[in-house]
Amino acid sequence: MSLISKDFRHKPQQSQPHSHIRLRWALLAIACAGIGAVIASTNSETDSNDPIASDSLPSFKAVTKSSEQLARESFTLSLPELQARQEILDDANDLMPKQWREFKVKSGDNLARLFKRAKIKPQQLDEMMKLGEDVKTLTRIFPKDIIRVLSDDEGTLQALRYDIDHQSYLMVEREHGTLVATTYNHQIETRQASASGIIDSSLFLAAQDAGISQNIIMELANVFGWDIDFALDIRKDDTFTVLYEQLFRNGEKISDGDILAAEFINNGKTYRAVRYTNPQTNVTEYFTPDGKSMRKAFLRSPVNFARISSRFTTSRYHPVLHKVRSHKGVDYAAKRGTPIYAAGDGKVIFKGKKGGYGKVMILQHGSKYTTLYAHLKTYNRKLRKGSKVKQGQTIAYVGSSGLATGPHLHYEFRVNGTHRNPLTVKLPESKPVPKRYMADFDLTTTPVFAQLDLLARSQQVAFADIETNN
Ligand SMILES: [Zn+2]
């Protein structure tokens, strides 16, 4: 630890361009120009073939890129690829061949130990850690991090590379005998991807079959969650198409981004949504093609992926009390501990026990509406009587407190104090795209819907083919 807690007062002048480094990277870049071109032209429709395997003649497009850009692009090479590039560089510069080596940080490790394993002289670490802000990141390395080093036979550090995060990496290089540290930012590229599915039993399974990640499935359920009750409304042969973003770093996928547009055909009815950012407020929301908000003032159901076990009725046999009683709510059977969401924006007006209801929370929404959640396992600990809640916020967890045969949520919806059926009550809608932005909305979303149309239609043909072939 003493080695990495040195002070950083001796920050070297780094304002001059590292012409030598740039030249080296430029050489390296030209050597792999073909790869740069392949990466630049890859889009989401073509899957990432191994760029090494393709013809790597330098192309005009790649050579016109700045050497820095190319340095970034070439960073995510595997170790053997990196070594191959180094050989080309060493050859071009008439140098003794050098080898990059890779070290994985172990638990309880520090740079001093890692340098020892790499047989690099300890003074080299001292020299490197005096390079200022850039190298500070090396004081926060974690197990499984990869550090790559280039050193000579005398144990002198020639170069060190470290991936800081998805966005950036550190490069330390010896230039005219002196170490220089630079932090580079990767270029994060957004690409479009799409997927379609046909439901056999559940949205989850169909989406998994379509190769959609869990995050996108959850977002899809959230986008349509105001119109479609994913516990009750899903039918066999429902279809969905989703157009979404994927984030790439140097041609390599890092994560999924946001849903741009989606279509869900539920029981023959088509629902469509598009993502749009209000130019004035900068708030991003999902809207219908005619600019109505997908967000209603209330969620149709306050739990996701649950099963309706009992409906709203005026007379029903009570399984625990063994007598006929009305059931003025809906029961959602779900696993114990499943999060329960606030059905709408509002505030907590009751939190506590209520006889057979067990642990209960009641929310007030505006002046007319209240929602009640019963048989809770636990509450969201941060919520008190009077706390404000946002629609979709987790307020409690499914349990079986009070008189309950098994874990479920008993949910009630009241309008002006009268119990209403939460499954059929007409829910108020939230704000549409403001009139003065409708032209902008149409301009930006028309091409997205056109794309969605095309995808949905081609998928329908594909699904029809599957049907006829079976
Ligand atoms: Zn109930």
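pLDDT is the predictor's confidence in each residue, on a scale from 0 to 100. The protein chain of this predicted model averages a pLDDT of 79, and 79% of the residues score at least 70. Over residues 1-75 the pLDDT is below 50, yet this stretch has 106 contacts (heavy atoms within 4.5 Å) beyond near neighbours in sequence. Where pLDDT is low, the predicted coordinates should not be read in detail.

Residues are numbered from 1 along each chain as its sequence is written, and side-chain values use heavy atoms, with hydrogens and water left out. Local features need pLDDT of at least 70 and side-chain atom pairs count only at pLDDT 80 or more, while totals for chains, interfaces and linings use all residues.

**The sheet**

- Five strands make up an open antiparallel sheet, in the order β1-β2-β3-β4-β5; strands (E, at least two residues) and helices (H or I, at least four) are DSSP runs numbered from the N terminus, and two strands pair if DSSP finds at least two bridges between them.
- β1 (100-104) and β5 (178-185) are at the edges with a single partner strand each, so one side of each has no neighbour in the sheet.
- From one strand to the next, the twist averages 20 degrees; axes are lines fitted to C-alpha atoms, for helices over the stretch in contact, and angles run from 0 to 180 degrees between N-to-C directions.

**Strand pairs**

- Five bridges pair β2 (residues 146-151) with β3 (residues 157-163) in the antiparallel sense, and serine 151 stands opposite leucine 157 in β3.
- β4 and β5 run antiparallel and are joined by eight bridges, with tyrosine 169 opposite tyrosine 184 in β5.
- The hairpin of β4 and β5 has two residues between the strands, and histidine 176 there takes a positive phi near 45 degrees.

**Helices across the sheet**

- Helix α5 (residues 79-92) lies across β1, β2 and β3, at about 155 degrees to β1.
- Helix α7 (residues 122-129) lies across β3, β4 (168-175) and β5, at about 55 degrees to β5.

**The zinc site**

- His327 (NE2), Asp331 (OD), Asp331 (OD) and His410 (ND1) coordinate the zinc ion at 2.0 to 2.8 Å; donors are N, O and S atoms within 2.8 Å of the metal (3.2 Å for Na, K and Ca), and water is not among the atoms, so sites may look incomplete.
- The donor residues are spaced H-x3-D-x78-H in sequence.
- Histidine 327 is buried, with a relative accessible area of 4%, and aspartate 331 is buried at 7%; buried means under 20% relative accessible area, exposed over 50% and partly exposed in between (1.4 Å probe, protein chains only).
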